[in-house]
Amino acid sequence: MTAPAGTPGREAAMTVSLLDIQDLSVVIHRPGRSVAALSNVSFTVAPGEVVGLVGESGGGKSMVARAIVGMLPNGSHATGRVGFDGADVLRMDPADLAAHRGRGAAICFQNPRGALSPTRTVGRQLIDRLVTHQKMTGDRAAESAKELFASVGIRNPGRRLEAFPHELSGGMAQRVMISLATGCAPGLLIADEPTTGLDVTLTREILRQFRHAADTDGRGVLLISHDLASIAEVCDRVVVLYAGTVVETGPAAKVLREPAHPYTRALLRSVPDVNGGRVVPTAGGMPLMTAAPHDCPFAPRCAHAGEDCRTARPETTSLTDGWSLACFHPQETALFAPQEAAPASPSDPAPLPDPQGGSSVAPGASVTADNAEQAGRVVLRVQDAHVVYRSRFGSGGHHALRGVDLELRAGETLGVVGESGCGKSTLAKLIMGLVEPSSGSVAVAGKTVGKMSRVERTRAQMVFQDPIGSLSPRRTVADSIAEPLRAAKVPADARAAKTEAALSRMELDNSILTRYPHELSGGQAQRVGIARALVGQPDLIVFDEPTSALDVTVQAQILDVIADVASDAGHGSVFISHDLATVRGFADRVVVLYLGRVVEEGPVDEVFDRPKHPYTRALLGSAPRLGESRTAEVQLVKDLDEADAATGCALAARCPFVTDTCRSQEQTLQSYGESRAACWRVPELTALIGKSA
Amino acid sequence: MRILRFVGRRLLQLIPVLLGVVVLTFLLVRVLPGDPIRSILGPNATEADADAARARFGLDQPMWKQFLDYLQGLFTGDFGTSIQSGGSVGGEMALRLGPTLELVVIAVTIAVLLAIWLGIWSARRADRVGDHTVRIFALFGNSIPEFWLGLVLILVGYATLGWFPAPSGRVDPDTNLTPLTGADLVDALITGNGPAIASSAAHLVLPVLTLVIGVLAPLLRSVRASALEVLRSEAYAAAAAHGLPEKTLLRGYLRRATLVRLPSLAALVFGTALGSTVLIEYVYSWQGFGQWALRGLLYRDYPVVQASVLIIAFAYVLVFLIADVVHAWLDPRVKI
Amino acid sequence: MAALEMVPVVSGSRDGRFAKILIWTGGTILVVVALAAIFAPLLSSWGPKEIDPNGTLAAPGGEHLLGSDGNGMDVWSRVLHAARIDLGIAICAVALAVVVGTLLGMLAGYLGGWVDDGLMRIVDIFQAFPTFILALAVSALLGGGFVNLVITIAAVNAPAYARLVRAEVRTLREMQYIDAAKTSGASTIGIMWRHLLPNSLTPVRVIAPLNCGWAMLTLAGLSFLGLGVTVPTAEWGSMISLGTSDVVAGRWWTSVPPGLALLVCVLGFSLLGEGLQERAEARRR
Amino acid sequence: MAPPNISRRGLLQLGGSVALLMTTGACAAGSKDNPDSSASAGPAATTLRIAVSSYLSSWDQDFVGFDLTALMMFKNVYPYMIDYGVTKAGDSEILDTNNITPTFAESFEPDSTQKIWTLKLRKGVMFPSGNEMKAADVKWSKDRAFAAQANVAGIYRTIGLTKAEQVIVKDDYTVEFRQEFPSALTRQIQAISLYVFDSAEAKKHATDVDPWAKEWFAKNAPTGGYFNVTKATQGQEIELSANKAYPGTDGAKTPTIRLSVVPAAANQRLQLQAGDIDIALGITGQDLQDLKKAEGIKVLSAASNNQVMMTMSTTTAPFDDVNVRKALAFAVPYDQIIKNVYGGDARPVKSYVPLDMPGYADTGYPFTYDIEQAKAALAASGKTAVNSELVFEANNDEQQKIAVQVQAEAAKAGITLKLTPLDPATLGERRGQKSIPLQITTGQLWVNDVEYMLATFYVKGAALNYANLNNAELEDIYTKSHTTVDEAARLQLWAQVQTILAAQVPAVMICQPNFNLPVREKVSGWVQPMDGLARLRYLSASA
């Protein structure tokens, strides 16, 4: 009754479905409201096949996963069939269900650190699975656990078995989670957003684990993600969900390159591209269905929608072999036609004509000549800034920034990129005066940050990562936006006028002014956040990962707004992101941070197109690119948390080109062409990469 | 080793708190209206007699001198001389502490164990009749004034049913129990005095029951809430979704994670119970610490009040320290 | 169709409903008690301190609805009037404790450093101080009036609120909206008043009703020991205390009605608090 | 189907564990029952169980406060040289304060000047330590009392003994007390003061810092009295056994007496009814009336000289005006208090001199409950309304009830009273300051004589002169009474005293409640103590 691991070969398996979901609908009844979480969902997964389940949050992806393991939330009413190996999960008795969970289908949860029991060592947790599902006994299970850990890329597995979840980094926790799921020896492995929150250098490695599980063990794999681009390369097929319905299904390559459904197209165009491709935002947000839809749920946001879309729900129709979609007006034009004609190049930054009529974001081009005379004014100067977070007792502490120099002029946009823990956020806080530099200085508009008055402090404004969390929960929108004005002692009526002006620039209605943060959507909240930053006409705006908490299509909308704001000549902008692609969109210059140091700095196109530092190369190489799959030319050898800080180059522990000189010598920025990098081996790197490839 | 360092550091932190308690108590008892000397003198005493008595207890000294003497005594383990009885406060306290600690420790232990068992039981049946019943009963218990509950239990358990011994004393004197620690059940167990074990256990049942009923609700609420939180956590859902059997889930994934937050609440409950057993002691004629401290306070027996407050405060902070250590042991995330 | 057979590992979506029942029951009890307190004079023909010249300890029925006590006073009237004192003191004391505790907790939590250390040591000292001795000492110091009992019980409870609010503020001050307020040029007092105060009160709102019940029990305990409300003022704890001997003699009416009133009222607070807590937990999920 | 089953099992488990808890108790209680029932047949008669409300604060009579439990214990465990005799009053036996006889002593007699009193000891009376009771012990004990500057030293002043040198050892068995003046009260005062320590034993525990072995005697019971303390669990229980070495004829009748501390009166009552104790010393008020009807219990009842009054300070407003004092005296519902507080078991009083005291005249207190007269008296003072606090002992139910009744009635006459219960320490302090306008006091005069009453209550400097009375005529009479030995002349003086007091109204005399003691029916031999301190040696239990 469960799929024995590794028995069927891939070819054979393709013909027999392991998972066969037919017409699955789930309605959740809660006091006062009902939610149609899934409506008539059908798709299959065969052994050895990797299927991507894609869509934005609220699309019903997780509900599918829960339905497969028979763990629908209370008050759920499910109809249809979740066929698994011939049986229907929806109709299993408790004993069968118990056997099905884990052994039949096992989930890798989205947030691995939260999904690991905090009070049990990860080794014990793995052994529990092995004992339960593979009937192993103590020593054998311990041995097997060690092997499993090693196989998912955990170094020193014996020691890691004794670790508690909180002692693991995100990447390590995800590896452990994968080992737990595979430890159940499941027929179907379900991965729920396995790469969310992971650094780009890790993402590919983790995704490869799933491909590996399908290829070598013959498991079926269901990869759930909001980001089609990033998972596409390991998937055989993808299923796109929108508002609980399947809008498009098909081979990964087809759906990625020639998406036919407008939603799939919108999804793909919303993702910024590291090559400098443009982002085309789609207005609106996903609706919350209270009952199975009778029309096309995407129609209100769709540029091609006709009367038919609003009156009837399109049937799922098959296009070609395995490719099907639910749309009355399938699109056939190539998604990136113009771009494919003229591949990204730094010499061609001009905005491209917009075929769909959405507003376009022109990378790099926002700094135009007419701003030139304003650009002389320096709005931010950071000189040799160090930040050390001291631990409360005794000595030591965390050295978050080590000697950062920056200069920014009005009208300019500076991009800051780096992985988690590189000091990006500390840099933002330092600029805003939220942390004091341990040494060095920070000046905004010529005034040292630490010595500013309350009013002067409002000259620098920040847009935060968590849009709702950055608004005081018990203050209205109007209150929040007007806060900088209040500090500047602007009279109440002038405050109201300015607030409304800022709001209308954000294309928000005045009715939102009296609402509270929890009544806002993420996109609305972030627009409010930007309005607050703008309202006092500051000299400097710092965007700290402003879109990382947002859904893909909303992210595109916000990036659009930010591009507009950043192009104002009156202030300088600092744009901080872990996502290289979003930075490329509108930064003039970019700095790459690694462990508190600037490792590379230069004009944005120079850095992105001709990276110098091995770390920059690794970052760029790992970034997902739409429509192409290529392996990074530089791969870092360890996870970040395994790299111990030593003297010499910060990257020494992870760099594939490390030499003794790297380990012993502190690296400083040196000019290489238009940009500067902190690596002495830059001139040799091209040759070295060629050799290793 | 880390634990030892942690304990050491925490003990150092206790010093200012205890010193604060000492100073505060010292001042407080002296600010209170009432004269400790008048109450030990006969009605015929003259001012001269009162002065002589004051001198006898050093109360004629300036305040700072009295305080320094008191502090000096504390450092040498001397809690002073009771004004009421003329005996050494340290000795009297030793006699009184045992019975109260015995009562409170047993009651809180039972309450904690019962709360763990019922709380997890209840959480696993969340929102069913059993769960609601248990919770409502616990709330009832929590809402009854302890002294009243004590009286009712005496009326039922002793006067009507005759199942329990008379609410006077803590052990039948005929058992000839040799007092060692003052905690009679412990003494009986140490000396292996069979009848005394039975008798002291029987004497303990009603007061312990009263205390347990009184303190169960907050503990139960906490355990149930924690257990529910664990049951609804991703971590537990993940383990369940991986098809682990009930027994493994309960032992490995539910129990310890549930108990993580209990120690500090248990410490709080213990502290409160210790400070408020005075009512139960009164109702059950349990001549323990609370009665002693209360009498000391009513008669302004300065050394007695000072010592009893200091000891309760010390026990309180000590229990919290223990709770923190237990917490650290239960929860690997806690850094110590 | 078969969906409800599905075994959810965790149940509890009905939590909201039970919480609502708890809140409603508790709330109703308290409203009834409050109304009884307000309209006490209309609901009883005897005054709460009026002595029946015909003698004491009259059985229920007849002249006295619930009999008369050892002083010849009407039990029913006293039970009703006592609600004024008990509810009044409990609510005022908890309100005072909340105000003082919140203020201290917020200062300590937000300012940190030596202010935090200093305030928290003081809170430690007060918390380590045995509840009853502290209460006894304060009431002995100030006497047993209404205001003084409020102060006494508030003094016992304030440290807990200080801790609670401090912990909450320490979490909140790491929130992005606090950073946002700082970068918007808000003053320290502005941040505390406009952002921290409204948000840090969430747990306080849940704890306060439970605490009211506990305050009533403390008050009753103090009165039982003769340190609470002075006779002949009607108060449940002192009525129970005076009536204990009567219960033993089978004259249940002097002690049982105030006992039940106290039980019901505290239960009302407990139910309300439990319900609020459950709702808060349900919301957190 | 499954969930209800599980939950039912769970509930059963819960029930089971409670039941287990209870059986433990039940077994233990049951196992205790057996020896008990056999005991009631035979040896039960050898043990009397008495419940008291509190434990004694100290064993040292020289340094103890006014603690009735302690004083009662002392009467039974200290060897007193002389004590009251026993006489019949109605069908009960009472201590005879007019007949003071030697007990441990051979004799105690004055010389012709009435100033030198000679105490002769019996030979061969042994302390349990094996030391013989000798004159040196008496001398050491009296030296200690003077050094203590406390209890005994205080009352010795009344009979002109102020220095240790006035106590002289004549030989091993003879001690002389040389008073500064003769006194009619010498026997009475010595009856309550002449107790003796085992000085040889005591000296072993004396140190340079503590020459009088205070620390030792605070914790260790004295020896050599009617009973020896065989076991004392601090705060909880005391076991007494009869002292076989007592030389007299009225030695202890019961071999073993066990006193246990039961603070809650309701608890004492329950235990008495259940037969777990034989005598309950902490039961008052309504409980007594109830117990009279209870099965297996008898309530020993006797008239008592215990006076309950409200003393008004004649020097503190508003009672510095005699008319206000009169107003209050008219506003107190005497009969209602006797009915409501004492269940009718008290005698109304008609004089400041206690009933049964020589010289009593029932014209000495011309006030009855009459609101109109109260208002008139108040009007005579020129006021229509006065305010005062009414102080009483916290935790004293009886006083509290009186206060409540008085408050309600006094209000009708325009006297607003604020009830102020005070704990012992505060009460003591405020009494020391002599500033309490109105307070409830109760007490028995240990010497049944008006001179003693004056010395206690009504003359300048008297310890219990809470009225702050300073009346020249009374002072004269008091001085005269020291030397007036003739009975008729004294009675003459006492008549004047009552006239003066009736005019002065220093106190509202509420009543003289009867003494009541609930005991199991098997208890016999109770002798009513006129000082309120039970002499346990007369008690016995029939099987």
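Predicted model: local features only at pLDDT ≥ 70, side-chain atom pairs only at ≥ 80, totals over all residues.
The centres of domain 1 and domain 3 of chain A, taken over C-alpha atoms, are separated by 37 Å. Residues are numbered from 1 along each chain as its sequence is written, while chains are lettered from A and ligands numbered from 1 in the order in which they are written.

**Domains of chain A**

- The assignment for chain A gives domain 1 (11-113 + 188-199 + 211-325), domain 2 (365-604) and domain 3 (610-693); such bounds come from an automatic or database domain assignment.

**Which chains meet**

- Of the 5 pairs of chains that touch, chains B and D have the most contacts, a contact being two residues whose C-beta atoms, placed from the backbone, lie within 7 Å.
- Chain D puts 58 residues into its contact with chain B, and chain B puts in 55.
- On the chain D side, two or more residues come from each of α1 (2-41), α4 (151-156), α7 (214-219), β9 (237-242), β10 (256-261), α8 (265-274) and α14 (424-433); helices (H or I, at least four residues) and strands (E, at least two) are DSSP runs, numbered from the N terminus.
- Helix α1(D) gives the most to that side, with 15 residues.
- By class, the side of chain D that touches chain B has 27 nonpolar, 20 polar and 11 charged residues, where Ala, Val, Leu, Ile, Met, Phe, Trp, Tyr, Cys and Pro count as nonpolar, Asp, Glu, Lys and Arg as charged, and the others, Gly among them, as polar.
- Chain A brings 27 residues into contact with 20 of chain B.
- Two or more residues on the chain A side come from each of α3 (94-100), β6 (105-108), α4 (112-115) and α5 (122-134), and the largest share, 5 residues, is from α5(A).
- That side of chain A divides into 13 nonpolar, 8 polar and 6 charged residues.
- Chains A and D do not touch, and their nearest C-alpha atoms are 12 Å apart.

- An unreviewed UniProt entry places "transmembrane region" at residues 12-32, 103-123, 144-164, 201-220, 265-284 and 304-330 of chain B; positions follow the numbering used here, feature names are shortened, and annotations may be inferred rather than shown by experiment.
- Residues 12-32 of chain B are 95% helix and 0% strand, with end C-alpha atoms 31 Å apart.
- Residues 201-220 of chain B are 100% helix and 0% strand, with end C-alpha atoms 25 Å apart.

**Helix packing**

- In chain B, the axes of α4 (residues 89-124) and α11 (residues 262-283) come within 10 Å and cross at roughly 145°; axes are lines fitted to C-alpha atoms, for helices over the stretch in contact, and angles run from 0 to 180 degrees between N-to-C directions.
- Their contact joins B:T100, B:L103, B:V104, B:A107, B:V108 and B:V112 of α4(B) to B:A266, B:V269, B:F270, B:A273, B:L274 and B:T277 of α11(B), giving 10 nonpolar, 2 polar and no charged residues.
- In chain C, the axes of α8 (residues 188-224) and α9 (residues 236-248) come within 7 Å and cross at roughly 40°.
- That angle makes α8(C) oblique to α9(C), since angles under 35 degrees count as roughly parallel, over 145 as roughly antiparallel, 65 to 115 as roughly perpendicular and the rest as oblique.
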